[in-house]
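This report examines selected features of the structure shown below.

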Amino acid sequence: MDEACDDLGHPVPRTGPARRVVSLVPSLTESVAATRPDALAGATDWCTHPADLDVPRVRGTKNPDLAAIRALRPDLVLANQEENRRLDVERLRAAGVPVWVTVIQTVDQALASLRRMFAAALGWPVPDWLAAAERVWREPAPATRVRAVIPVWRDPWMVVGSATFTGDLAARLGLDNVFGDDPGRYPHVSLDDVAARRPELVVLPDEPYAFSADDGPEMFPGRRVALVEGRSLTWYGPSLVTARAELRAQLAAARPGG
């Protein structure tokens with residue numbers, strides 16, 4: 001048996017290529033399912049991709065059923081610093097379950113973390129889709145910039161702030177996040193706060209809040225509003241291969257709100 005260190009520097013024991021994996025992160029679930037679907041032994045209720053995913057569920061990302069996870073006898077559990085609770089990770093480790101924790105706040109960090117996860121944690125070859133995603137995101141960001149706000153929830157309103165994967169991805173699409181200097185990652189704001197930052201564009205993803213043509217744009221009269229796929233904007237698995245082109249098209253289709 002040897003070991004490798006996860007993104008937080010915690011040593012994780014390895015006994016060879018992983019054969020049974022439980023994922024507590026939707027992006028990582030899709031990453032495993034797109035690479036070795038037979039190895040995926042369990043996932044959370046929030047793991048919605050691929051659409052035909054048929055594995056045992058272990059509740060949510062913040063309240064996983066630890067007994068159910070242990071009963072699945074995984075070689076490895078995949079987690080994320082932001083999406084999962086440290087307490088749950090520590091309890092699994094105390095029960096003898098190896099847990100690999102990722103830390104992802106930028107596109108480059110996501111690509112590097114995924115590459116390490118496959119090679120060092122899972123003991124698998126790096127999949128072709130990850131190499132394709134790396135090629136897609138080597139392209140430089142547009143020189144022309146657009147001031148934008150990215151709400152992720154309403155009632156109360158929450159927006160993308162600083163040090164987030166979504167904010168970095170948006171910057172690579174030519175968007176300057178008007179709340180990018182906020183100390184919070186997902187600050188609560190008022191519509192007056194948004195107006196004071198003078199965004200040229202309001203970007204409304206369909207997750208985690210399901211913004212739609214009938215729910216969201218009416219609150220931003222006089223501003224351009226782009227409805228975008230939340231998975232392309234916030235997930236860091238196989239969706240990275242197509243996210244850049246899809247989001248460009250959706251941003252270009254922005255229409256006046258109100």
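Cys-5 is partly exposed, its relative accessible area being 37%. Cys-47, by contrast, is buried at a relative accessible area of 1%. The structure is a predicted model. A disulfide is counted where two cysteine sulfur atoms lie within 2.5 Å, and by this rule the count comes to zero disulfides.

**Backbone geometry**

One runs from Asp-155 to Pro-156, with omega near 5°; Pro-156 belongs to the loop between strand S8 (151-153) and strand S9 (158-159). The other runs from Glu-207 to Pro-208, also with omega near 5°, and Pro-208 sits in the loop between strand S11 (201-205) and strand S12 (224-228).

Positive phi values occur at two arginines. Arg-73, although not a glycine, has a phi of about 50°. Its position is in the loop between helix H2 (66-71) and strand S5 (76-80), and at 67% relative accessibility Arg-73 counts as exposed. Arg-198, likewise not a glycine, has a positive phi of about 55°. This residue is placed in the loop between helix H7 (191-196) and S11, where Arg-198 counts as exposed at 58% relative accessibility.

**Sheet and packing helix**

An open sheet is formed by five strands in the order S10-S7-S11-S12-S13, with mixed pairing. Its edges are strand S10 (175-177) and strand S13 (255-256), each of which pairs on one side only. S12 and S13 are joined by two bridges in the antiparallel sense, and Val-225 stands opposite Arg-255 in S13. Helix H9 (residues 240-252) packs on this sheet and touches S10, S11 and S12. The direction of H9 makes about 150° with that of S12.

**Salt bridges**

The structure holds 17 salt bridges.

| Salt bridge | Distance |
|---|---|
| Glu-82 and Arg-185 | 3.0 Å |
| Asp-176 and Arg-145 | 3.1 Å |
| Arg-154 and Glu-218 | 3.0 Å |

Which parts of the chain does the pair of Glu-82 and Arg-185 tie together? Glu-82 lies in the loop between S5 and helix H3 (86-94), and Arg-185 in the loop between S10 and H7, so the pair ties together parts 103 residues apart in sequence. Glu-82 is partly exposed at 32% relative accessible area, and Arg-185 is partly exposed at 25%.

The side chains of Asp-176 and Arg-145 meet in a salt bridge. That pair links distant parts of the chain, 31 residues apart: Asp-176 is in strand S10, and Arg-145 is in the loop between helix H5 (128-136) and strand S7 (146-149). Asp-176 counts as partly exposed at 34% relative accessibility, and Arg-145 is partly exposed with a relative accessible area of 30%.

Arg-154 forms a salt bridge with Glu-218. Because Arg-154 lies in the loop between S8 and S9 and Glu-218 in the loop between S11 and S12, the pair ties together parts 64 residues apart in sequence. Is Arg-154 buried or exposed? At 11% relative accessibility, Arg-154 counts as buried, whereas Glu-218 is partly exposed with a relative accessible area of 34%. A network of salt bridges links Arg-154, Asp-155, Asp-215 and Glu-218. Asp-155, a member of that network, also takes part in the cis peptide bond to Pro-156.

How values were computed: Residues are numbered from 1 along each chain as its sequence is written. This is a predicted model: local features need pLDDT of at least 70, side-chain atom pairs count only at pLDDT 80 or more; totals for chains, interfaces and linings use all residues. Side-chain values use heavy atoms; hydrogens and water are left out. Buried means under 20% relative accessible area, exposed over 50%, partly exposed in between (1.4 Å probe, protein chains only). Helices (H or I, at least four residues) and strands (E, at least two) are DSSP runs, numbered from the N terminus. Two strands pair if DSSP finds at least two bridges between them. Contact means heavy atoms within 4.5 Å. Axes are lines fitted to C-alpha atoms, for helices over the stretch in contact, and angles run from 0 to 180 degrees between N-to-C directions. A salt bridge is a side-chain nitrogen of Lys or Arg within 4 Å of a carboxyl oxygen of Asp or Glu.
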